[in-house]
Amino acid sequence: MTTAPPTPAIAATALRKSYGDHLVLDGIDLDVPAGTVFSLLGPNGAGKTTAVKILSTLIGADSGDVRVAGHDVARDPDAVRAAIGVTGQFSAVDNLLTGRENLMLMADLHHLGRDEGRRRVADLLERFDLVGAAGKLGSAYSGGMRRRLDLAMGLVGDPRIVFLDEPTTGLDPRSRRSMWQIIRDLVDGGVTIFLTTQYLEEADELADRIAVLDHGRLVAEGTADELKRLIPGGHVLLRFTDIGAVESAVRILGTGVADTAALTVQVPGDGGVRSLKALLDRLDDASITPEELAVHTPDLDDVFLTLTGHPSDDAKEAVR
Amino acid sequence: MTALSATLTDAATMSRRQLRHMVRYPSLTLMLIGQPILFLLLFVYVFGGTLGAGLGGAAGGRGEYLNYVVPGILLMAAASVSMGTAVSVAMDMTEGVVARFRTMAIARSSVLTGHVVGSMIQAMLSMAVVIGVALLIGFRPSAGPGAWVAAVGMFALLCFALTWLTVAMGLVSESVETASNMPMPLVLLPFLGSGFVPTDSMPAGIRWFAEYQPFTPVMETLRGLLMGTPIGGSGVLAVAWCLAIALGGYLWARALYNRDPSK
């Protein structure tokens with residue numbers, strides 16, 4: 001090897017944390033290359049926020065080696081703090097200050113100087129669509145505006161690593177889309193993103209790599225596609241109008257699981273156009289026409305179910 | 001930027017934040033300043049005639065009692081402001097924005113310094129209002145300019161000490177309610193000292209406590225500076241008490257703020 005591998009933005013080994021008797025993180029390993037989006041996915045109570053709190057130096061780990069931006073979080077927390085921006089559940093805005101004052105407070109704490117601070121604040125207000133609300137108190141902000149202000153505050157110091165702890169929880173679909181766009185723009189600017197979410201769809205949309213956290217353990221890690229490949233393939237669901245057609249279809253295809261009550265046949269397959277056409281041609285040759293056809297490709301809900309043995313608590317919510 | 005100037009800059013930033021909070025939420029400040037005024041009027045107009053007669057001075061009565069009671073009311077004002085400090089620190093700690101500050105590379109204790117500066121401003125405002133009202137209703141101090149400066153300095157030093165102590169109380173409280181109850185003894189201390197009646201009129205046990213508790217030398221010093229009564233050793237004792245309380249409060253508060261919030 002001629003070049004050393006680049007320093008990962010975030011690296012953790014055997015990270016453990018418990019609150020009293022309650023074990024929250026049970027030895028997790030993380031490796032997030034710079035400039036990528038990493039998503040920690042899991043239901044409520046899985047330990048996502050605790051992980052972010054440790055990585056962002058807010059609380060200490062019980063054991064494990066944690067380095068962020070190349071610095072040890074326990075030994076050199078200020079160097080870590082200088083490199084990161086934090087936004088999310090535990091982070092917040094000052095309710096008794098206006099949006100602009102909140103951002104100016106951050107600019108002052110980053111010692112940006114008056115002119116540079118004002119310039120940066122004006123730019124962020126513009127970018128996050130908060131110009132109209134800049135003079136309103138934080139307490140008067142709507143949920144979506146608050147999240148945007150919160151994220152903007154985390155960006156005043158121009159961090160290279162941004163922690164987003166459930167940035168869209170509780171937001172309406174439109175605000176969620178706009179938050180996603182903001183995150184994509186950050187990624188385009190070369191920022192490393194550590195995102196926690198309980199929405200499978202969100203991790204799928206944004207993340208380069210996803211780690212599934214369940215009861216303090218990482219149960220899987222990979223790209224969205226890799227995770228989907230971990231589970232048995234998809235299937236094609238054919239629905240017929242009478243029981244005779246169902247039986248004929250199973251006989252002709254030589255495979256498939258019939259449900260005589262629902263009048264359906266479930267045929268394994270990836271749902272590709274070519275295999276679908278072949279399937280329909282064989283039925284057509286026998287003069288059988290399905291009433292309905294549905295292609296089911298595995299989604300992250302299936303992944304979660306397969307990996308943890310229980311559905312994600314909010315699977316229903318994520319499939320909107 | 002050197003470490004010291006960075007610390008000062010962050011402290012100034014947090015102080016501005018605190019001032020904005022006071023402007024946005026003025027009812028707390030008004031209540032803190034109003035409370036000692038209420039007690040001033042109560043003691044002078046309701047109890048003052050009788051208590052003044054007991055002072056045994058030449059003038060006697062309400063006017064003499066007013067001159068006697070002002071230092072006690074000032075300490076009440078200081079205690080009242082520090083109670084507000086504990087409450088606002090405890091409230092602040094429940095806000096997520098403090099968690100944000102903890103994840104930023106800023107001078108660690110600047111949030112607390114901001115609270116202390118804010119409270120000091122409230123305290124000086126409160127002193128001005130108490131003295132102003134007292135003068136309006138007939139308070140006639142004999143202090144010259146030098147003694148006035150010294151009295152203001154003494155009061156500021158006391159408030160500085162109490163504020164660091166109550167910042168720590170605000171941090172150690174699990175809830176805002178606890179934070180408002182914990183400094184309550186401070187409001188009572190002027191009564192169990194030379195604030196409202198001379199200590200030599202008290203029974204032996206209470207009198208012993210009253211003479212040795214920290215507020216008494218401070219009140220005696222203020223009284224001496226404002227009214228020209230003998231100060232004796234009270235001045236040195238008062239300054240020593242204030243420095244000790246300030247240092248203890250500061251170290252306690254710093255240790256509390258620096259502890260791991262998950263522990």
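Student: Is Trp164(B) buried or exposed?
Tutor: Trp164(B) is buried, because its relative accessible area is 6%; buried means under 20% relative accessible area, exposed over 50%, and partly exposed in between, with a 1.4 Å probe and protein chains only. Before we go on, this is a predicted model, where local features need pLDDT of at least 70 and side-chain atom pairs count only at pLDDT 80 or more, while totals for chains, interfaces and linings use all residues. Residues are numbered from 1 along each chain as its sequence is written, chains are lettered from A and ligands numbered from 1 in the order in which they are written, and side-chain values use heavy atoms, leaving out hydrogens and water.

Student: Thanks! And what about Tyr250(B), how exposed is that one?
Tutor: Tyr250(B) is partly exposed, at a relative accessible area of 27%.

Student: How many aromatic pairs are there over all chains?
Tutor: A search of the whole structure gives 11. Rings of Phe, Tyr and Trp (its six-membered ring) pair if their centres lie within 6.5 Å; planes under 30 degrees apart count as stacked, over 60 as edge-to-face and the rest as tilted.

Student: Why is the pair of Phe43(B) and Phe191(B) called tilted?
Tutor: Their planes are at 45°, so the pair is tilted, and the ring centres are 5.8 Å apart. The two residues are 148 apart in the chain, with Phe43(B) in helix α2 (residues 26-54) and Phe191(B) in the loop between α8 (184-188) and α9 (204-212) of chain B. Helices here are DSSP runs (H or I, at least four residues; strands are E, at least two), numbered from the N terminus.

Student: Which residues form one aromatic cluster with Phe43(B)?
Tutor: Phe39(B), Phe47(B), Phe191(B) and Phe196(B) form the cluster with Phe43(B). Phe43(B) is buried at 10%, whereas Phe191(B) is partly exposed at 26%.

Student: And how do Trp164(B) and Tyr250(B) pair up, what's the geometry?
Tutor: That pair is edge-to-face, with 4.9 Å centre to centre and 85° between the planes. Trp164(B) belongs to helix α6 (residues 145-172) and Tyr250(B) to helix α11 (residues 234-258) of chain B, 86 residues apart.

Student: New topic: which ring does the charged end of Arg223(B) sit over?
Tutor: The ring of Tyr68(B), 3.7 Å from its centre. The rule is that NZ of Lys or CZ of Arg is within 6 Å of the ring centre and within 35 degrees of the ring normal. In chain A, the charged end of Arg176(A) sits over the ring of Tyr199(A), 4.0 Å from its centre.
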